[in-house]
Amino acid sequence: MSQFLQPTILLLREGTDTSQGRAQIVSNINAVQAVADVVKSTLGPRGMDKMIQTGPKVTISNDGATILNLLEVVHPAARVLVDIAKSQDDEVGDGTTSTTLLAAELLKEAKPFIEEGIHPQIVIQGYRKALELALEKLEGFSINISRDSPEDKRNTLLKCAQTALNSKLLANTKQFFSELVVSAVEKLDPNILDRDLIGIKNVTGGSVTDSFLVDGVAFKKTFSYAGFEQQPKRFENPKICLLNLELELKSEKENAEIRIEKPEEYQQIVDAEWALIYEKLETIVKAGAQIVLSKLPIGDLATQYFADRNIFCAGRVAQEDLLRVQKATGGQVQTTVNGLNPETFGTCGLFEEVQVGAERYNLFKNCPQSRTATIVLRGGAEQFIQEAERSLNDAIMIVRRCFKANKIVAGGGAIELELSRYLRHYARSVTGKTQYIVNSYAKALEVIPRTIAENAGLNSIEIMNKLRQRHAQGGDEGRWYGVDINGQSGVCDTHSSFVWEPSLVKRNALCSATEAACAILSIDETVKNPKSDQDTKMKPKGQPGRPPMGMRR
């Protein structure tokens, strides 16, 4: 009988850990639920903040992408939530917590189907069908603002920015900052809307309402040498020279070697070095430059030389600041002074150096080719300013998307409930397992308004019953009803209350959450390979290929 015995086949390395089947899918769902529970309390205007300490640094934030990134999640399935939150943040800048919660809720609704033995691919197929229907209906619900007058469109952008700031640290001053954000985005090229051309500079001290917008570029005073204080600090319509060139005498390297026979030869070398830098400085002055900015250092010799001739200079200017000065003033960054002429210079209406808090800032205002803007953000604690910067970044991204997409929907959970109502109605028209799966997708959409109500301290069951009743009436009257955190009834027409969001945010959130849920449901096996001996054992110190001292024979 021995010839009928099957030989043992060793496919994986010894020590490999494998888990598969239905239990593995359920385990992955539970891991995702644990991650979603961490950020669940941060959703909505009354969401709570999280304090995360990584070494000596402490971060206070309620931004979903920031929290998940700082948590350093190691579970492979739960890492998918971190990735979709980052994707949502990079793509549209807001809705990261909503995307995370929606993906976790879709998996929670799919868990009973998996435990009852329904194949995951059937659930995935049903979810994809529900997503297709939801996106189609979302497009029909969206309100187009492209035909509005410039004043009406600007008011719409202000409302969208205020909605984005509602759940942030700057909620109490949302009107002030929404004006700053919209004005900053309006400075950009409408065909490009490059986010990098809006700078945010943090200055500790003062009130948050002391923040201001610079119509152009502002950056902190760079490291300066002797003679800097003698330079003029204000120009009107100056000629700005932008350089990527070093203007200082460099000491020789330690391994530099020059062979000379006479002392006079060394003097010739020194004279030649001084002649070269003086030639560069004279060329800049003769070209008519009044402001000289360089990415590389400008030494004490050049600083004093420019000061004597009433020229302002700044070296070691950051790359992003130099790029924004170039865009705003129309100048061209030069890597050599040869061929320098006024055509390569930029200009602005006013340049001045001002004191902002404990720091001095260089401001370039009224630029003729202004395609950039800078928000100088004031505040108390460093953690407050950093969170305020993240809040402004979300608002800027939202306004940019409104400029491009020109379509909005009502927020406060209204659009999720309307889509949920539509999918429930559709589920009655189909048979088989698809009916239950589409219905579960519709139920999962309700997690957004329910969580907003819970985080506001409201009775979520009562609020959800009121909202379902309103949306069941159909038509435009009940379509935009969502959670009202300020009113007595707890529900209101969020469109009439100006709680607006770009439809692109909702579209991207639905797609990302559904794709993440489907990806996790399709994983039925996890394989963990053991670390090799090279990774686990310490290599002996010594020369390569030879044993360490004490082990030689």
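## Basis

The model is predicted, so local features need pLDDT of at least 70, side-chain atom pairs count only at pLDDT 80 or more, and totals for chains, interfaces and linings use all residues. Residues are numbered from 1 along each chain as its sequence is written, and side-chain values use heavy atoms, with hydrogens and water left out.

## The open sheet

Helices (H or I, at least four residues) and strands (E, at least two) are DSSP runs, numbered from the N terminus. Two strands pair if DSSP finds at least two bridges between them. Four strands build an open sheet, ordered 11-10-9-12, with parallel pairing. Strand 11 (312-314) and strand 12 (333-334) are its edges, each pairing on one side only.

Strand 9 (residues 240-243) runs parallel to strand 10 (residues 291-294), and four bridges join them. Here C241 stands opposite V292 of strand 10. Strands of a sheet pair through backbone hydrogen bonds.

## The second largest pocket

Pockets and cavities are found on a 1 Å grid over the protein atoms alone. A pocket is an open set of points with protein on both sides within 12 Å along at least five of seven lines; a cavity is a set of points where a 1.4 Å probe fits but cannot get out. Lining residues have an atom within 4 Å of a point. Grid points are joined across faces, edges and corners, and a volume is the space filled by probe spheres set on the points.

The second largest pocket has a volume of about 310 Å³. It has 17 lining residues, and D63, A65, T66, N69 and D89 are the closest to its centre. Strand 3 (57-61), helix 2 (64-71), helix 3 (79-91) and helix 11 (382-405) each supply at least two lining residues. Helix 3 gives the most, with six. By class, this lining has nine charged residues (Asp, Glu, Lys, Arg), three nonpolar (Ala, Val, Leu, Ile, Met, Phe, Trp, Tyr, Cys, Pro) and five polar (the others, Gly among them).

## The cavity

One cavity of 30 Å³ or more is present. The largest cavity holds about 60 Å³ of space. Its lining is T222, F223, S224, Y225, F228, I298, T303, C313, A314 and G315. Six of these are nonpolar, four are polar and none is charged.

## Cysteines

A disulfide is a pair of cysteine sulfur atoms within 2.5 Å. By this rule there are zero disulfides. C402 is in none; its nearest cysteine sulfur, that of C160, is 3.5 Å away.

C492 is buried, at a relative accessible area of 14%.

## Helices 14 and 15

Helix 14 (residues 447-455) is mostly covered, with seven of its nine residues buried. These are V447, I448, P449, T451, I452, A453 and N455. Their cover includes helix 4 (96-115), helix 12 (414-427), helix 13 (433-445), helix 15 and strand 17 (481-483). After helix 14 comes G457, with a positive phi near 80°.

H471 sits in helix 15 (residues 460-472). H471 is buried, with a relative accessible area of 2%. Leaving aside neighbours within four places in sequence, H471 is in contact (heavy atoms within 4.5 Å) with A414, L417, E418, R421, G478, R479 and Y481.

How values were computed. Buried < 20%, exposed > 50% of the residue type's maximum accessible area, 1.4 Å probe, protein only.
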